[in-house]
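User: I would like to go through this structure term by term, with each label set against the rule behind it. Please begin with how the chain is divided up.

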Amino acid sequence: MTADGIDGMERFESPGKGRGLRVTRAYRVGELLFVCPAYSHVLSVSERGYTCEHCFARKEGLSKCGKCKKAFYCNVECQRDDWAMHKLECSAMCSFGESWCPSETVRLVARIITRMQKVQNERSDSENLLLLKDLEGNLDKLDNEKREMNEADIAELHHFYAKHLDFPDHQALLTLFAQVHCNGFTVEDEELSHVGSAVFPDVALMNHSCCPNVIVTYRGTSAEVRAVKDISPGMEVYTSYIDLLYPTEDRMERLRDSYYFTCDCKECKTKSKDKVKLKLRKVNGDEPRSEEIREMLRYARNAIEDFRRAKQEKTPAELLEICEHSMDKMGSMFEDSNVYVLHMMYQAMGVCMFMEDYDGAVSYGEKVIKPFRQLYPAYSLNVASMYLKLGRLYTVLDRLSAGSAALKKALAIMEVVHGKDHVYVKELQKEISAHQK
Ligand SMILES: C[S@@+](CC[C@H](N)C(=O)[O-])C[C@H]1O[C@@H](n2cnc3c(N)ncnc32)[C@H](O)[C@@H]1O
Ligand SMILES: [Zn+2]
Ligand SMILES: [Zn+2]
Ligand SMILES: [Zn+2]
């Protein structure tokens, strides 16, 4: 087995962080560091009919699998090339009918197992610097709750894939699920809507920082890594694993819970943005008492969790009411630019878009965009996608000059993070020039 490596990159031992990736030459903002094809990928059930299962192209006129009528493809080539994976599910979906409901992680793991068995010990194009079998699983750090979740995943895998999968032993499955939880990626589109899940071993070599110097974007089923800061030779490459909107304590909790480490980046040490992120209203010139603040923070964090659960079961109208109620309550102490209020406004915007209440969506979007720009790093997918959504909403509402202005702001960021030749960038340029006609 030979390793070709990746030009300009090397794997190294990053003190306190396990293995890591560093550059051997300089990279400028917007420059592509490397591309990694997915080792395995799976399309989200909600994308069926809009996106090709095999190459993740989103287009109209896809043709469906004649047997299950659930998988859609660009053409016969995509269908043929996907069959080794789709056959894991095609007949099972027919026989299970309505009760076919494996999680996306379980679906991805079924595909990984199939691929591993097919390629055996051959190094794939996705594993120039790190092999899938060597991904960090943090197995020694799992608590009972996590172990039980892994066991439940394994049971689900056996239940839905019994017929078409040659199962590895239990220990190997426990390891694989732990690895996928720590190293799996969710593939998102330009508006940050979920498209699917995938594993990219070389990309998973990058450690986390809340002040990242690269961003990962997707082109079809490949991941691309671009610099969002200038990087000097010898510097470690850091991506962010999490949404960077939230204050240090929340980010820390998220990183410990999902990735089992304590971040020691500059922002986590200085907490320099925390005060603005938790912006408080002054009542008669005074800030609220610390016990009152703690109480409201508890409320806000619970509200986020409750809303996340409510999304599965409540109607859009009920969801909007939940958002408005929590914004009202938080509004007595938190400014509109406080991240917990922003979180609820962002959710409310999504619900309005779903309900096709575009005026409602715009009014939330307009409140969110300025604080987003201030609180997120300079080049951020969250900021770009918010401009994009706003621009498209203005366009639908026939507010063309506001639309152009917002789309141009999205474009400026996307040219750097996606690259000028990305299909999202080209489509966006067309949308902008259509306004000028
Ligand atoms: C996607 S992997 C990154 C590569 C990993 N270091 C390795 O050796 O395979 C994620 C894991 O790397 C470690 N890690 C990532 N970022 C870190 C950081 N900033 N500090 C400490 N550990 C980190 C944690 O163990 C985490 O679960
Ligand atoms: Zn295709
Ligand atoms: Zn099928
Ligand atoms: Zn950090």
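Analyst: The protein is divided into domain 1 (9-237) and domain 2 (273-435), with bounds that come from an automatic or database domain assignment. This is a predicted model, in which local features need pLDDT of at least 70 and side-chain atom pairs count only at pLDDT 80 or more, while totals for chains, interfaces and linings use all residues. Residues are numbered from 1 along each chain as its sequence is written, and chains are lettered from A and ligands numbered from 1 in the order in which they are written.

User: How far apart do the centres of domain 1 and domain 2 lie, and how many residues does the contact take from each?

Analyst: The C-alpha centres of domain 1 and domain 2 are 28 Å apart. The contact takes twelve residues from domain 1 and 13 residues from domain 2, where two residues are in contact if their C-beta atoms, placed from the backbone, lie within 7 Å.

User: Which strands supply the side of domain 1 that touches domain 2, and what kinds of residue are found there?

Analyst: Strand E10 (214-219) and strand E11 (222-227) each supply at least two residues of that side, and the largest share, three residues, comes from E10. Helices (H or I, at least four residues) and strands (E, at least two) are DSSP runs, numbered from the N terminus. The residues of this side of domain 1 divide into five nonpolar, two polar and five charged; here Ala, Val, Leu, Ile, Met, Phe, Trp, Tyr, Cys and Pro count as nonpolar, Asp, Glu, Lys and Arg as charged, and the others, Gly among them, as polar.

User: Why is the protein called as compact as a globular protein of its length?

Analyst: The secondary structure of the protein comes to 15 helices and twelve strands. Its radius of gyration, taken over C-alpha atoms, is 23 Å, close to the 22 Å that the globule rule gives for 437 residues, so the protein is as compact as a globular protein of that length. The globule rule is 2.2 Å times the number of residues to the power 0.38. Taken along the principal axes, the C-alpha atoms fill a box of roughly 70 × 50 × 45 Å.

User: What do the records place on this chain at residues 7-242 and at residues 52-90?

Analyst: An unreviewed UniProt entry gives the annotation "domain: SET" for residues 7-242, a stretch that is 28% helix and 22% strand. UniProt, again in an unreviewed entry, places "domain: MYND-type" at residues 52-90, where the chain is 31% helix and 10% strand and the end C-alpha atoms are 15 Å apart. UniProt positions are given in the numbering used here, feature names are shortened, and annotations may be inferred rather than shown by experiment.

User: What makes the buried residues of H1 line one face of the helix?

Analyst: The buried residues of helix H1 (residues 76-86) are Gln79, Met85 and His86. A residue is buried if 20 or more other C-beta atoms lie within 10 Å of its own, exposed if 12 or fewer, and partly exposed in between, with C-beta atoms placed from the backbone. Seen down the axis of H1, the buried residues fall within an arc of 95 degrees, so they line one face of the helix; the arc is that of the directions from the helix axis to the C-beta atoms. On the other side of H1, Glu77, Arg80 and Ala84 are exposed, while the cover over the buried residues includes strand E6 (72-73), helix H2 (90-96) and helix H3 (104-119).

User: Why does Asp82 count as partly exposed, and what does Asp82 touch?

Analyst: Asp82, which is in helix H1, has 18 C-beta neighbours inside 10 Å and therefore counts as partly exposed. Not counting residues up to four places away in sequence, Asp82 touches Glu53, His54 and Tyr73. The C-alpha atoms of Asp82 and Glu53 are separated by 7.5 Å, although these residues are 29 residues apart along the chain.

User: How do you know that Cys323 counts as buried?

Analyst: Cys323, in helix H10 (residues 316-331), has 24 C-beta neighbours inside 10 Å, so Cys323 counts as buried. Cys323 touches Met344, Gln347, Ala348 and Val351, leaving aside residues up to four places away in sequence.

User: What is noted about the phi of Tyr260, and is Tyr260 buried or partly exposed?

Analyst: Tyr260 has a positive phi of about 60 degrees although it is not a glycine. Most residues other than glycine have a negative phi. Tyr260 sits in the loop between helix H6 (248-259) and helix H7 (266-270), and with 17 other C-beta atoms within 10 Å, Tyr260 is partly exposed.
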